[in-house]
Amino acid sequence: MGADHDRRARRRPLRAGVLFGSCGVLLAGCASMPDSGNLKAVDASQRPDSQSQVRVYAMPPGEDAGPEEIVQGFLEALTSDDPEFAMARKYLTKEASKGWNPDVQTTVLESGPSTGTGSVADGGDTGRSFPLTGRKVATVDKEHAYQLDNAAYNQVVHLTQQAGPNGKEWRIDGVPQGVVLGQSDFQRIYWSVNKYYFATRSSGSTGGGQEGLVADPVYIRQRIDPVTETVKAVLDGPTTWLKQVVGTRFPTGTRLKADTKTLAPDDQGKLTVPLNGKADPIGQERCTEMAAQLLFTLQDLTSSGVEEVELQRRNGSQLCVLSKDRAESVASRRTAEHPDYQYLIDDKRRLVRMRAGAGGKGDAQPVQGQLGSGGQPLRSAAVSRDEERAAGVSLDGRSLYMGSLVSEGALGKPEVRSKAKSEKDGLSTPSWDGRGDLWVADRDLKRPRLLWLAQGAGEPLSVKTANLDGRIEAVRVSADGVRIALLVKKDGKTTLQIGRVERTGAKGEQPQISVDGLRQAAPQMEEVTAMSWAGGSRLVVVGRESGGVQQMRYVQSDGSVPAGATLPGLTGVKEIAASEDERLPLVAHSDDGIVQLPTGAQWQTVVKEGTAPVYPG
């Protein structure tokens, strides 16, 4: 932070402006050039509040601008709120502008691109070359998908002199494809939005029920017509990482009608979406499912104000209309479910519950059934999302029992047994997906396994996990049952990894289950000790960076870190639980007992003696 501050302080004002919508004042010097010496890393803005009305405008090249100023001006123009990068193109020759495609990808660097030691002159002094270097954080591809990348960035910008209205002028004739900018600018310009698609039949559940929607996070430019860009992104289909397990109801090739420039809801919150001819022949049921995908996606744009979606044929006639009130009856977004209770293991090793979000001390009561009686001491448990069943792991970690939460009855034999010699190497805390299936990891050193139980009963199925490098320590499955979060331990370090759940096999038969596409989700943390899903594509994680202290933060399932991701400090966090209903407080097991974090407040102790807090799931 200090280094960034010093770097910004050494710059002199250049051509850029910031418009604050709340006061309507235009200010010069949003981005700036160095006073002297070589060009430095471009970091044109400190990250403002995500809700502030800050707009950044680039300025054209100045008369008699030298090559250094042209390079700096171009890089700064990439960080502006210019829809088509028209101002950035003014720094390019006509030929370079025609060949440059800013939509290929966005490269995010730690501190913005640096030009190192300056330019290199061509023979005859007719051109200049500037190296662009930095350390990558991620790239955003043409699908708007965020992909972690910590490789070195090395590109070159070449300038030449051309004839201008006032004589010779410097312009860029060689430029890398795409856009490059620093992390702070990326967080100001781009916004994470969950697109929604239907789980495919091959990834469906043996439990039946309504097909659910799956969140597919992407990044869009939040100040550049976000409603239109978000609708286009949904029509483009799911990202490559997710498309094996989800599908769209929009027919292949469906796009906005050719003459559609921008979309905006009317005064009643109704968004009209004119489509091309590909959607003309579809029926009413499929159309409402398409509208549900758009409606749920647009809810992530807090400023969109969309309450209803109307889809139109190419000739302008109505295909269908769907309101927000009816959307849940068309497609289930399981992350919207509101649990009745939050659960934990009390000091008598029983499963107990508290009213979700109540926050009162001493109100934890044993659940109905044998898991709440204390007859079988427990060390952890997981509650089904309908809150009618629970799976409990015995105190020695070697047995998993299934029990009803709505009736009495004997526990019966364990559903799963571990042969681990050490208690710490036994069964992990189990996890229910929204389809009614149960997952648990057996950490037996001789035979580590990830296990799946259809509807929480029967013979456990060993799950194949492609490219798994290490032992699974913890497992949490998303509500849609399509994505899985794993804590994986190797060489004394534990990392958070996200994978796809893929199911194959004939309908009505036990499917073959596998986890594929594993990717890291919190690479900045050297050691992750606890995690939980906390929204459609968001997780809360507890861990520490190299040489740092324990901290708690939110991360996206694609590995990106949203603005305001760090949470208030808490001492000695051992376990964390979050509801996918983001209105409910986080719950943690810490040195202070069972604590929770209500919105806008600090951590509060709710149970002095207890462990293993969980929400349903």
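Predicted model: local features only at pLDDT ≥ 70, side-chain atom pairs only at ≥ 80, totals over all residues.

Student: What makes β32 and β33 paired strands?

Tutor: Pairing requires at least two bridges between two strands. Strand β32 (residues 483–490) and strand β33 (residues 493–504) are joined by 8 bridges, so they qualify as a pair. They run antiparallel, and K489 stands opposite T494 in β33.

Student: Which sheet contains them, and why are β30 and β31 said to stand at its edges?

Tutor: The sheet is an open one of 5 strands, in the order β30-β34-β33-β32-β31, with mixed pairing. β30 (464–465) and β31 (471–477) each have a single partner strand, so one side of each is left without a neighbour in the sheet.

Student: How do you know that β13 and β15 are paired?

Tutor: Strand β13 (residues 190–199) is joined to β15 by 2 bridges. The criterion is at least two, so the pair meets it. These strands run antiparallel, with A199 opposite V246 in β15.

Student: What is the order of strands in that sheet, and which are the edge strands?

Tutor: It is an open sheet of 3 strands in the order β14-β13-β15, and its pairing is antiparallel. β14 (213–221) and β15 (246–247) are the edge strands, each pairing on one side only.

Student: Which helix packs on this sheet, touching β13 and β14?

Tutor: Helix α7 (residues 284–298) does so, and its direction makes about 155° with that of β13. Helix α6 (residues 226–235) also lies across β13 and β14, running at about 35° to β13.

Conventions
Residues numbered from 1 in each chain as written. Heavy atoms only, no water. Helix = DSSP H or I, 4+ residues; strand = E, 2+ residues; numbered from the N terminus. Contact = heavy atoms within 4.5 Å. Axes fitted to C-alpha atoms, helices over the stretch in contact; angles between N-to-C directions.
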